[in-house]
Amino acid sequence: MSNTAKAFQNGKAFIPFITCGDPDLETTAAAVRAMAQNGADLIELGIPFSDPTAEGPVIQAANIRALSGGADTDKIFDLVRDLRTDVTVPLVFMTYANVVFSYGAEKFISTCGETGIDGLILPDIPFEEKEEFSEICRRYDVDLISLIAPTSANRIGMIAKEAEGFIYLVSSLGVTGIRSEITTDLGAIIKVIRENTSIPCAVGFGISTPEQAKQMAEIADGAIVGSAIVRLSEQYGREAPEHIGEYVRKMKEAVCTVH
C-alpha cells in the first residue's frame, strides 16, 4: 500500500490544501505543521503557477502572492526537506504540467521521491496523456493521483481502474472555490468508482464548512479543502498557522463523526 493510500487507513480522511509561499515559505512550513498536529491525514502542497486554470480567484490570488514573494520549485523542494524532519503525514504536490516540464519531468519526479513527496496531482493533464508522467512516477514511488469530474461520464470506470493512491473526485463543474451547496449527484459517480477499484476516493472543490465535510465523508472516503484555508492565509498573513490549525481540527472532528 502506498503512503497516500495509508492516509485512509484510520477512517475518513481530512485533506487540507495550501499554496506554498503565501505569504512566505516560513509561514507555509508553520501552517503545514499546524495542519499535521491538528489531525490532517494527508496534505496537498500547491506549487504556484502563473496560469492555474483549475483555480478560482482565491487560489489564483495566492499563486500571484507566492510568485511575487519569490517562491519557486527549488525553494519548495527545500521546504519539503525541512518538513520531513518531523512531519510524517503523506504529502502530495498539486501543480500544473508546465511546472513539471520546465523543471524537467524526470528531475522533478525523482526529486519528489528523494524529498518525501508521496503523490502528484496535475489537474491539466487529461487521462489519455498521463502515461508520460505515470511511467516516471512509478519508477520513483510517487503516486500520480487521478481526478474524476462530473463531466468524466463514461470514462469514470476506466480512470478508476488505473488510479493510484486515491481518487480526487471533483464535486462541481467550474473552478475551485467556496460553494454554499454541492448539487452534483456524487453518489452515482462514487458507485461507478467503487465498482471499478478499491482505491479510496476523496471529494474536493467547494467544501468549506464542517457540515459539508461531514456530508462528503458520508458518501466518500474523505474531504479535501483548499480555498477556505487559502482565505485564512490571505486574511491573517504570518499569523495564519494558528487559525489554520484550529480550522483543520474542526474539519477533522466533523469527518471523524462518520463511520
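Reader: Which residue stands opposite Leu120 in β5?
Author: Leu144 of β5 stands opposite Leu120. Strands here are DSSP runs of E, at least two residues, and helices are runs of H or I, at least four, both numbered from the N terminus. One caution: this is a predicted model, where local features need pLDDT of at least 70, side-chain atom pairs count only at pLDDT 80 or more, and totals for chains, interfaces and linings use all residues. Residues are numbered from 1 along each chain as its sequence is written, and side-chain values use heavy atoms, with hydrogens and water left out.

Reader: How many bridges pair β4 with β5?
Author: Three, in the parallel sense, between β4 (residues 119–121) and β5 (residues 143–148). Two strands pair if DSSP finds at least two bridges between them.

Reader: What does the whole sheet form?
Author: A closed barrel of eight strands, running β1-β2-β3-β4-β5-β6-β7-β8 with parallel pairing. On average, neighbouring strands are turned by 25° against each other, direction ignored. Axes are lines fitted to C-alpha atoms, for helices over the stretch in contact, and angles run from 0 to 180 degrees between N-to-C directions.

Reader: Which strands does α2 touch?
Author: Helix α2 packs on the sheet and touches β1 (13–19), β2 (43–46) and β3 (91–94). The direction of α2 makes about 175° with that of β1. Contact means heavy atoms within 4.5 Å.

Reader: How many bridges link β3 to β2, and how many to β4?
Author: β2 and β3 pair over four bridges, in the parallel sense. Ile43 stands opposite Leu91 in β3, and Met94 has Ile121 in β4 as its bridge partner.

Reader: Which residues cover the faces of β3?
Author: Leu91 and Phe93 lie on one side, Val92 and Met94 on the other, and all are buried. Buried means under 20% relative accessible area, exposed over 50%, partly exposed in between (1.4 Å probe, protein chains only). In a regular strand the side chains alternate between the two faces of the sheet.

Reader: What does Phe93 touch?
Author: Not counting residues up to four places away in sequence, the list includes Leu45, Ile47, Phe77, Phe108 and Leu120. Phe93 is also among the residues that touch the most other members of the largest nonpolar core, which has 72 residues. Such a core is a set of buried Ala, Val, Leu, Ile, Met, Phe, Trp, Tyr and Cys residues joined through side-chain atoms within 4.5 Å.

Reader: Which helix gives the most to that core?
Author: Helix α12 (residues 240–256), with six residues. A second, separate core has 21 residues, including Ala13 and Ile224.

Reader: Switching to Thr73. Buried or exposed?
Author: Thr73 is buried, because its relative accessible area is 14%. Thr73 sits in helix α4. Beyond its neighbours within four places in sequence, Thr73 is in contact with Ile47, Val99, Tyr103 and Phe108.

Reader: Now charges. How many salt bridges?
Author: The count comes to 20. The rule is a side-chain nitrogen of Lys or Arg within 4 Å of a carboxyl oxygen of Asp or Glu.

Reader: What about Asp82 and Arg33?
Author: They form a salt bridge, with the closest N and O atoms 3.2 Å apart. That pair links distant parts of the chain, 49 residues apart: Asp82 in α4 (residues 73–83) and Arg33 in α2 (residues 25–37). Asp82 is partly exposed at 35% relative accessibility, whereas Arg33 is buried at 19%.

Reader: Which residues does Arg138 bridge to?
Author: Glu131, with the closest N and O atoms 2.7 Å apart, and Glu164, at 3.6 Å, N to O. Arg138 lies in helix α7 (residues 131–139) and Glu164 in the loop between α8 (156–161) and β6 (167–170), so this pair ties together parts 26 residues apart in sequence. Glu164 is buried, at 16%.

Reader: Which residues form a network?
Author: Asp22, Arg65 and Glu234 are linked in a network of salt bridges.

Reader: Last one. Where does pLDDT stay under 50?
Author: Over residues 174–180, for which the model has 27 contacts beyond four places in sequence. pLDDT is the predictor's confidence in each residue, from 0 to 100. The chain mean is 92, and 93% of residues reach 70 or more.
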